[in-house]
Amino acid sequence: MAQISRFFAGQGLLMQLLFLGIILALGWLLIRPFRKLRPYTGQILVLVAILWIGLLFYIITFSFPVPRFSGVATTGATVPRFWFYVLIPVTLLAFIPMLKGEEVPDRKRGSLRRVGIVMGALVLSLFAFRYIGYYLSSAIFLVVIMWVLDSRNKIELVAVPVCWVIFSYFFFARLLYVRLPVGMLFAGLLG
Amino acid sequence: MMDILVNLGGGFGIMFTPMAILLCLLGVFAGVTFGAIPGISPSMAVALLLPMTFTLQPVLGMVLLLGAYKGANYGGSVSAVLINTPGTPSAAVTAFDGYPMTKTGRVGEAMGVSLYASVIGGIIGTVVLIAFAQPLARVALQFWPSEYFALTILGLTTVATMGGKNWQKALVAVVFGLLLNTIGMDPIAGTRRFTFGDMRLLDGLSLIPAIIGLFALGELFYNIEHYAKGEKFDKLAYKLPKLSYYLTVWKNIVRSGVLGTIIGIFPGAGGTIAAFISYDVEKRFSKHPEEFGKGSAEGVAAAESSNSASAGGALVPLLALGIPGSATAAVLLGSLLVHGLNPGPEMFVEEPELVYGMFASMFMANVFILVVGLLGANLFVRVTDLKKTLLYPLIFTFAIVGSFAVTSSMYSVVVCVVFGVIGWVFRRYDYPPAPVVLGIVLGSLAELSFRQALIIGGIESFYKRPLTLIMLAVAIAAVAAPIVKKRMQEKKLQDR
């Protein structure tokens, strides 16, 4: 157990995401043959993901150092393990109505493409903070989101980002002293 | 008692000067504005105004800061009700019913109830503070870790009523929140837990960005997924209800105010736990518990009243014993220390003008919250008149900059976005997000007090201390009661 524990504890966040993806894919493959469970695919996968996170935490607790001094009733592993023990029956409890077909089926999907674009734009915008700074990055992000939401009014597409940048500069940076990232580009230009 | 009234008279004498009135109004206005912005917590609002107090007389400085504290507590509810983006962690509970009320065109009711509940709850908290500050603080100090643990368990039982028909999913969500809360440094032994090599996770997950992500971004992603071109909000007819309307929720306001004050007294408990517990209690007392979570005025009243009252409670240990029970109280303590004042029992004797001036200013701050709320509500509500093509992007940017402001680092923003995705998934598959917040809020206190209790008194401390036993019994009863009640109803129906 200690070896498995050290293996998982030694992986970075991206690898953990990959493991989660694999578990979800396996879960999806397992659900597919059962026609009765198919309407609840999304809800079951949420349970699988949470249960996996609990199991991962549980496994990793075996790599925690054991205190050398005696007399300590608990360690850093006690509480995460306890919550995992609670999670198992609780997950089963949530799964039973799906198994019985008593749960409301998954909702109809909307435009996942649109959500994907928005999330992608958001991640890119955050990534760009470091290079072009918060102000320019958030202005571009605003235009992209407005465009995705079918706003074609040119005045709005220009005025909203400009007003936001001015507002955020004076309100957050000047009044509230929030040090918003200026970005390498502007830091270089401004010396 | 007579002494208190005489001193309070002196306190009001200080407050009825143009400078004190102006500073109190300024504090409240700044507090409401900052509080309405996601990411600016009451402690941050007070800290931002702190430098302004250095040149003021101590009592006037405290008038400004207390106005900001109380104003920020109310301000958090404004964005929670209007755009489902709680400005402060405790306002997350207000959003449960406030936002559904807005969506169903009852924005006036939601804003009105939240305003009046906040004001009345604040007054209740202040009255308790004035009358019982010293004895209550001594009682709170008698609490052992086992009692704190029992208090958190009592808080966790609120999940039993939070999920409604999705109660099984709510249980999963709360345990998920409790698990997430174990990320970071172990509070007793300092073991690194689940950081995966990322040092930024050592401090655990930031609560405010997580809340903004779960509620605001989660809802936004969902709305964007189901967005139809040219979609607009229904025009909201904003009209505050008549005063008689508030009489329908007066019991909820008073009960939650008292409960919020009591919970607020315990160092570390705070307004968020107070709001969760009061919400749960009111749902149990309600004749229409099925409306909770779907737009219940009683739910909004409970959350706001207890949250506002807890601010008074949090000042009890600060003023009576010099112990800051919350982050905001710590900032206020800092302000007093800057002026060479040491809060504690002696301060009531040596500085009665300051202490009772502060009490009087809290009353006045409540009045100003009412004024700012009534005058400003018409303006606040205009935010929902914006087109979705403008409002959605602006909420995104507010959420991002608000999260950034918490720690001035991209880490908070990443936490916000990750929780936004979790919130979206939860929204899609009918998993309530509120229990995740409950788990994160209560997790730290639960773990710390549980382990401290074991170290100090062993397992016996959980069953040998009467108060712990009583609180744990109440917690068990709180979970069992709805189940037993439901079973009995089913049996009755079968018998018929």
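Leaving aside its neighbours within four places in sequence, which residues is Phe62(A) in contact with? They are Met1(A), Ala2(A) and Ser5(A), where contact means that the C-beta atoms of two residues, placed from the backbone, lie within 7 Å.

## Ground rules

Here is what to keep in mind while you browse: this is a predicted model, in which local features need pLDDT of at least 70 and side-chain atom pairs count only at pLDDT 80 or more, while totals for chains, interfaces and linings use all residues. Residues are numbered from 1 along each chain as its sequence is written, with chains lettered from A and ligands numbered from 1 in the order in which they are written.

Phe62(A) sits in the loop that joins helix H3 (41–60) to helix H4 (78–99) of chain A. Helices (H or I, at least four residues) and strands (E, at least two) are DSSP runs, numbered from the N terminus. Phe62(A) has 16 other C-beta atoms within 10 Å, so it is partly exposed. On this scale a residue is buried if 20 or more other C-beta atoms lie within 10 Å of its own, exposed if 12 or fewer, and partly exposed in between, with C-beta atoms placed from the backbone. From Phe62(A) to Met1(A) the C-alpha distance is 7.0 Å, although 61 residues separate them in sequence.

Why is Ser5(A) classed as partly exposed? Because 17 other C-beta atoms lie within 10 Å of Ser5(A). Leaving aside neighbours within four places in sequence, Ser5(A) is in contact with Ile59(A), Ile60(A), Phe62(A) and Ser63(A). For Ser5(A) and Ile60(A), 55 residues apart along the chain, the C-alpha atoms are separated by 4.6 Å.

## Chain A as a whole

Chain A has 7 helices and 0 strands. Its radius of gyration, 24 Å, is well over the 16 Å that the globule rule gives for 191 residues, so chain A is more spread out than a compact globule. The radius is taken over C-alpha atoms, and the rule is 2.2 Å times the number of residues to the power 0.38. The C-alpha trace spans about 60 × 55 × 25 Å along its principal axes, and 28% of the 191 residues count as buried. For contacts between residues at least 6 apart in sequence, 61% join residues at least 24 apart.

An automatic or database assignment supplies the domain bounds: domain 1 of chain A covers 2–66 + 76–99 and domain 2 covers 112–189. Their C-alpha centres lie 36 Å apart.

## The bent helix H5(A)

Helix H5 (residues 112–148) of chain A has 37 residues, yet its end C-alpha atoms are only 12 Å apart, whereas a straight helix would reach 54 Å at 1.5 Å a residue. That expected span is 1.5 Å times one less than the number of residues. H5(A) bends by about 125 degrees at Ile132(A), the bend being the angle between axes fitted to the seven residues ending there and the seven starting there. After H5(A) comes Asp150(A), with a positive phi near 65 degrees.

## Chain B and its helix H5(B)

Chain B contains 22 helices and 2 strands. A compact globule of 496 residues would have a radius of gyration near 23 Å, and the 22 Å of chain B agrees. Its C-alpha trace spans about 65 × 60 × 60 Å along the principal axes, and 60% of its 496 residues count as buried. Of the contacts between residues at least 6 apart in sequence, 79% join residues at least 24 apart.

Helix H5 (residues 91–103) of chain B reaches 17 Å from its first C-alpha to its last, close to the 18 Å expected for its 13 residues. A kink of about 35 degrees lies at Asp97(B), shortly before the proline Pro100(B). H5(B) is largely enclosed by the rest of the structure, because 12 of its 13 residues are buried; among them are Phe96(B), Tyr99(B) and Met101(B). Gly105(B), which follows H5(B), has a positive phi near 80 degrees.

## Where the chains meet

In the interface, 48 residues of chain B are in contact with 59 residues of chain A. On the chain B side, the elements giving two or more residues are helices H9 (167–180), H10 (207–225), H18 (388–407), H19 (410–428) and H20 (434–457). H18(B) gives the most, with 10 residues.
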